[in-house]
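Please look through the structure below, taking the overall form before the details. The paragraphs after it move from the whole chain to single residues.

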Amino acid sequence: MTLPRPSPMVEVGPYRVGDIREESPYELSNGHRIECMSSGPRHARTNLQGGKVLDSDPDAPSAGVDPGYTFGDAHLRAPDVGVGGLPDASGFSTEVPPLIVEYADVGQDERELARKVDEFQTAGTRYIWVVRLTGPLRVQVYELDDRGRRLKPRLVAGDGTLTAPGVLRNPVPVKALVDRDAANAATLRNLLNRVGYESLESLEVQKFEEGREEGRETELRGAVVDMCELLGVAMDPNRQAALDAMRAPALRELKATLKATRAWPG
């Protein structure tokens, strides 16, 4: 399934990027102003879900909803979700986003969507995902290869996953772009990855192991104190501080030294 070929627009329109105010409901295509109306509730909700999943990916640049990107002075485009090319500044971005997402719902102007995809690909956007909200859930994928050549568009079904090597670390389930629960699950995975955990299960295992290790260290410290008392080895504040700072391997070594020498090491 591919988009229809956009109608030719040879004549350059009268508008320029400087004529469009930030937050105004217009895009520009070759100088022609395009009115962008407010989203319906389904479209608005899916924009939010997709945006939070993509923005939370541990390798992704910042993402935004409805960001304005300019290509020269006669083109201004605002995808539903843009990933990358979003500096912390006011005004429209002049950087090319490596990934954008468009949601196509009831009443979608297919030729205008085709023109938008074409303009982003011409500017250098590597990955474009068009999420179809009418009919069976599916995503039309448009990609550029490493040399900037357009690959054949492909279709990913609603139970499939999407990848964007070089932009995202993790695969994105198609459902995570539209469904709140799936989006939350993918976002949680991404946030855990950002702080070094593969999954919630790995976090639980690590915390359990840390608890077990802490318990072992408490037992070892108690054993060292008991041994010092039995051997008549003085436990002054400096030795106590050193004992409190030791981890399990050092505690085991100290216990073995006390047993062998009947004296505090050093």
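What follows is a walk through this predicted model, from the chain as a whole to a few of its residues.

Because the model is predicted, local features need pLDDT of at least 70 and side-chain atom pairs count only at pLDDT 80 or more, while totals for chains, interfaces and linings use all residues. Residues are numbered from 1 along each chain as its sequence is written, and side-chain values use heavy atoms, with hydrogens and water left out.

The protein chain holds six helices and 12 strands, where helices (H or I, at least four residues) and strands (E, at least two) are DSSP runs numbered from the N terminus. Its radius of gyration is 29 Å, well over the 18 Å that the globule rule gives for 266 residues, so the chain is more spread out than a compact globule; the radius is taken over C-alpha atoms, and the rule is 2.2 Å times the number of residues to the power 0.38. Along its principal axes, the C-alpha trace spans about 95 × 40 × 35 Å. Of the 266 residues in the protein chain, 42% are buried, a word that stands for under 20% relative accessible area, with exposed meaning over 50% and partly exposed in between (1.4 Å probe, protein chains only).

An open sheet is built from six strands in the order β3-β6-β7-β8-β9-β10, with mixed pairing; two strands are said to pair if DSSP finds at least two bridges between them. The edges are held by β3 (63–65) and β10 (154–157), each of which has a single partner strand, so one side of each is left without a neighbour in the sheet. From one strand to the next, the twist averages 20 degrees. Within this sheet, strand β7 (residues 99–104) and strand β8 (residues 127–132) run parallel and are joined by six bridges, and I100 stands opposite I128 in β8.

Which helices lie against these strands? Helix α1 (residues 41–56) lies across β3, β6 (81–83), β7 and β8, and runs at about 160 degrees to β7. Helix α2 (residues 110–123) also packs on the sheet, where it touches β7, β8 and β9 (138–143), and its direction makes about 160 degrees with that of β8. Such angles run from 0 to 180 degrees between N-to-C directions, with axes fitted to C-alpha atoms, for helices over the stretch in contact.

P6 lies in the segment before β1 (26–29), yet P6 and L113 are 8.1 Å apart in space, C-alpha to C-alpha, despite being 107 residues apart in sequence. Leaving aside its neighbours within four places in sequence, P6 is in contact (heavy atoms within 4.5 Å) with R111, A114 and R115. With a relative accessible area of 25%, P6 is partly exposed.

R77, in strand β5 (residues 76–77), counts as buried because its relative accessibility is 0%. The side chain of R77 makes a polar contact with the side chain of E119 at 2.8 Å; a polar contact is a pair of N or O atoms within 3.5 Å, and within protein one must be able to donate a hydrogen and the other to accept it, with residues adjacent in sequence counting only if both atoms are side-chain atoms.

D66, in the loop between β3 and β4 (69–70), has a positive phi of about 60 degrees although it is not a glycine, and D66 is partly exposed at 45% relative accessibility. R262, in the segment after α6 (248–261), has a positive phi near 55 degrees and is likewise a residue other than glycine; at 58% relative accessibility, R262 counts as exposed.
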